[in-house]
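Let's take a walk through this structure together. Have the sequence and the 3D view ready, and look up each part as we get to it.

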Amino acid sequence: MAPSTSKTIIHTPLPRSSKITRNITLLLCLLGLCLSIFALYIEVLKEKNPDYVALCDISGYVSCSRALTSRYGKGFGLVEKIFSNTSILNQPNTVYGMAYYTFQATLALNPSSSAAVVQTVFSVVANLGSVYLGYILVYIIRDLCIVCVSTYIINFCMLIVILVKLKNSAVEDIRRSQKKRK
C-alpha cells in the first residue's frame, strides 16, 4: 500500500488577542451596520414625506435628516460631479456604509495578515471619508448629525482595533517564520 500523499491541515486555535480583536471588530461592524440601516430608513422616509421628523432631529442645528438628505448624503457629494446624478454609483452614503461594515465583518473572520492589511487600507479610507464628511457637516451644512458622528466614532475605533490586528498578525507571521527556520 502506497503512503498517503495528501497533506493534513492542522487548524491552530486563534490566540486570545486575535479573538478579542475579531469580536470587537464584529461588534463595531454590527453597530455601524445598524446605524447605516437606521440612517437609510430616515432618508427613505424623509424622501417620501418631507414633513417627517426623525428621532434624531433634535433642533435646527442638531438634525440628522438634514445632513442625510443633503447633496453630500449621496455619493459623498462627489459622484454626481464625476459621473452624473443618475449614475448607479450615486448611492446614499449609508449604502456604502452597509457595504463597508459587511466587508470588514467578513475580513474580521480571517485571521491572516493579508486580511489585516486589506482591512487596514479600507479602514484608513473610511476614516478619511469620515474626516471629509465631518468637515462638510460642520463647515458647509452647519449641522450636527448624531448618527453621522456616531459612525465616525465607530470608524475610528475600528481603525484602532484593526491596527492592533495588523500588529498581532505581523508578530505571529514572524514567529511562524522563526519556527520554520529551526
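## Before we start

A crossing of two helices is called left-handed if the near helix is turned anticlockwise from the far one by less than a right angle, and right-handed if clockwise. Helices (H or I, at least four residues) and strands (E, at least two) are DSSP runs, numbered from the N terminus.

What you see is a predicted model, where local features need pLDDT of at least 70, side-chain atom pairs count only at pLDDT 80 or more, and totals for chains, interfaces and linings use all residues. Residues are numbered from 1 along each chain as its sequence is written, and side-chain values use heavy atoms, with hydrogens and water left out.

## α1 against α6

Two packed helices are described by the angle between their axes and the distance between the axes. Start with helix α1 (residues 16-48) and helix α6 (residues 146-181): their axes come within 9 Å and cross at roughly 160°. (Axes are lines fitted to C-alpha atoms, for helices over the stretch in contact, and angles run from 0 to 180 degrees between N-to-C directions.) So α1 is roughly antiparallel to α6; angles under 35 degrees count as roughly parallel, over 145 as roughly antiparallel, 65 to 115 as roughly perpendicular and the rest as oblique. The crossing of α1 past α6 is left-handed.

Who meets whom here? On the α1 side you'll find, among them, Ser-17, Ile-24, Leu-28 and Phe-38, and on the α6 side residues including Val-147, Ile-154, Met-158 and Lys-165. Contact means heavy atoms within 4.5 Å. Sorted by class, this contact of α1 with α6 has 14 nonpolar, seven polar and one charged residues. For the classes, Ala, Val, Leu, Ile, Met, Phe, Trp, Tyr, Cys and Pro count as nonpolar, Asp, Glu, Lys and Arg as charged, and the others, Gly among them, as polar.

## α4 against α6

The contact of α4 with α6 splits into seven nonpolar, three polar and one charged residues.

## The nonpolar core

How many residues does the largest nonpolar core have? It has 24, and those with the most contacts inside it are Cys-64, Cys-145, Val-147, Cys-148 and Met-158. (A nonpolar core is a set of buried Ala, Val, Leu, Ile, Met, Phe, Trp, Tyr and Cys residues joined through side-chain atoms within 4.5 Å; buried means under 20% relative accessible area, exposed over 50%, partly exposed in between, with a 1.4 Å probe and protein chains only.) Two or more residues each come from α1, α2 (64-68), α4 (93-108), α5 (113-140) and α6, and α6 gives the most, with seven residues.

Take a look at Cys-145: leaving out residues up to four places away in sequence, it touches Ser-63, Cys-64, Ala-67 and Leu-137.

Most residues other than glycine have a negative phi. Phe-76, in the loop between α2 and α3 (79-82), has a positive phi of about 60° although it is not a glycine. Arg-142, in the loop between α5 and α6, isn't a glycine either, and has a positive phi of about 55°.

Are these two buried or exposed? Phe-76 counts as partly exposed because its relative accessibility is 26%, while Arg-142 is exposed, with a relative accessible area of 58%.
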